Amino acid sequence: MSQRLKQLVGICNEVYRNLGPGLRENIYQNALLVHLRELNLRYSNEVPIPIVYRGVTIGEGRLDVLVHYEDQEPNEPNLVPMELKAVIGPPRKPEIAQLRNYLRYYERERTKAGLLVNFPQPDSKGQCRDQVDSIIVHL
């Protein structure tokens, strides 16, 4: 995992440790954005992803966060698309497929990988992991 991806997972873990489980996805997202601002990292949130079929836009997805790194580092991504979840258990195939499709349709910047982060929620017994689940999703 690249240093930038490790940094972003670390930030998400810090957000999760501070807020704890049981909150909605947008709460974790807002806290993540506060943290990114504090680190002077540039980002876009709720980035529209047009879905095009035969040259016609037929719908739109929304990428939760797109982190923009200004400096060019060898073997490090300049853009990191992030899809956030707050579900019970680790991310499943539908969540992975969603981010993979966003990567495929995001044409302004051809990025080959994104970060799927789940802020775990308590199960029916009230048990929950103490750190986020993260998956690097490749195109």
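Contact means heavy atoms within 4.5 Å of each other. The exercises below use this term and others on a predicted model, in which local features need pLDDT of at least 70, side-chain atom pairs count only at pLDDT 80 or more, and totals for chains, interfaces and linings use all residues. Residues are numbered from 1 along each chain as its sequence is written, and side-chain values use heavy atoms, with hydrogens and water left out.

**Exercise 1. Surroundings of Gln29**

Task: Determine where Gln29 lies, whether Gln29 is buried or exposed, and which residues Gln29 is in contact with, leaving aside neighbours within four places in sequence.

Solution. 
- Step 1. Gln29 belongs to helix α2; helices (H or I, at least four residues) and strands (E, at least two) are DSSP runs, numbered from the N terminus.
- Step 2. The relative accessible area of Gln29 is 4%, so Gln29 is buried. The cut-offs are under 20% relative accessible area for buried, over 50% for exposed, and partly exposed in between (1.4 Å probe, protein chains only).
- Step 3. Once neighbours within four places in sequence are left aside, Gln29 is in contact with Asn45, Glu46, Asp64, Val65 and Leu84.

**Exercise 2. Packing of α1 and α2**

Task: Describe how the axes of α1 and α2 are placed, and state which residues of the two helices meet.

Solution. 
- Step 1. The two axes come within 10 Å and cross at roughly 120°. Axes are lines fitted to C-alpha atoms, for helices over the stretch in contact, and angles run from 0 to 180 degrees between N-to-C directions.
- Step 2. From α1, Leu8, Ile11, Cys12, Glu14, Val15, Tyr16 and Leu19 meet Ile27, Tyr28, Ala31, Leu32, His35 and Leu36 of α2.

**Exercise 3. Aromatic pairs around Phe119**

Task: State how many aromatic pairs a search of the whole structure finds, and classify the pairs that Phe119 forms with Tyr16 and with Tyr28.

Solution. 
- Step 1. The search finds three aromatic pairs. Rings of Phe, Tyr and Trp (its six-membered ring) pair if their centres lie within 6.5 Å; planes under 30 degrees apart count as stacked, over 60 as edge-to-face and the rest as tilted.
- Step 2. Tyr16 and Phe119 form a tilted pair, because their ring centres are 6.2 Å apart and their planes stand at 45°. This pair links distant parts of the chain, 103 residues apart: Tyr16 is in helix α1 (residues 3–19), and Phe119 is in the loop between β4 (113–118) and β5 (133–138).
- Step 3. Tyr16 is buried, with a relative accessible area of 2%, and Phe119 is buried at 0% relative accessibility.
- Step 4. Tyr28 and Phe119 are stacked, because their ring centres are 4.5 Å apart and their planes are at 5°. Here Tyr28 comes from helix α2 (residues 25–38), 91 residues from Phe119 in the chain.
- Step 5. Tyr16, Tyr28 and Phe119 form one aromatic cluster.

**Exercise 4. The sheet**

Task: Give the order of the strands in the open sheet, identify the strands that stand at its edges, and describe the pairings of β4.

Solution. 
- Step 1. The sheet has five strands in the order β1-β2-β3-β4-β5, with mixed pairing; two strands pair if DSSP finds at least two bridges between them.
- Step 2. β1 (42–53) and β5 are the edge strands: each has a single partner strand, so one side of each is left without a neighbour in the sheet. Neighbouring strands of this sheet are turned by 35° against each other on average, direction ignored.
- Step 3. β1 and strand β2 (residues 56–68) run antiparallel and are joined by 11 bridges. Ser44 stands opposite Leu66 in β2.
- Step 4. Strand β3 (residues 79–85) runs parallel to β4, with four bridges between them; Leu84 has Val117 in β4 as its bridge partner.
- Step 5. β4 and β5 run antiparallel and are joined by six bridges, and Leu115 stands opposite Ile136 in β5.
- Step 6. Five of the six residues of β4 are buried.

**Exercise 5. Positive phi values**

Task: Locate Asn40 and Arg54, and state what phi Asn40 and Arg54 have.

Solution. 
- Step 1. Most residues other than glycine have a negative phi.
- Step 2. Asn40, in the loop between α2 and β1, has a positive phi of about 55°. Asn40 is exposed, at 70% relative accessibility.
- Step 3. Arg54, in the loop between β1 and β2, has a positive phi near 50°. Arg54 is exposed, at 74% relative accessibility.
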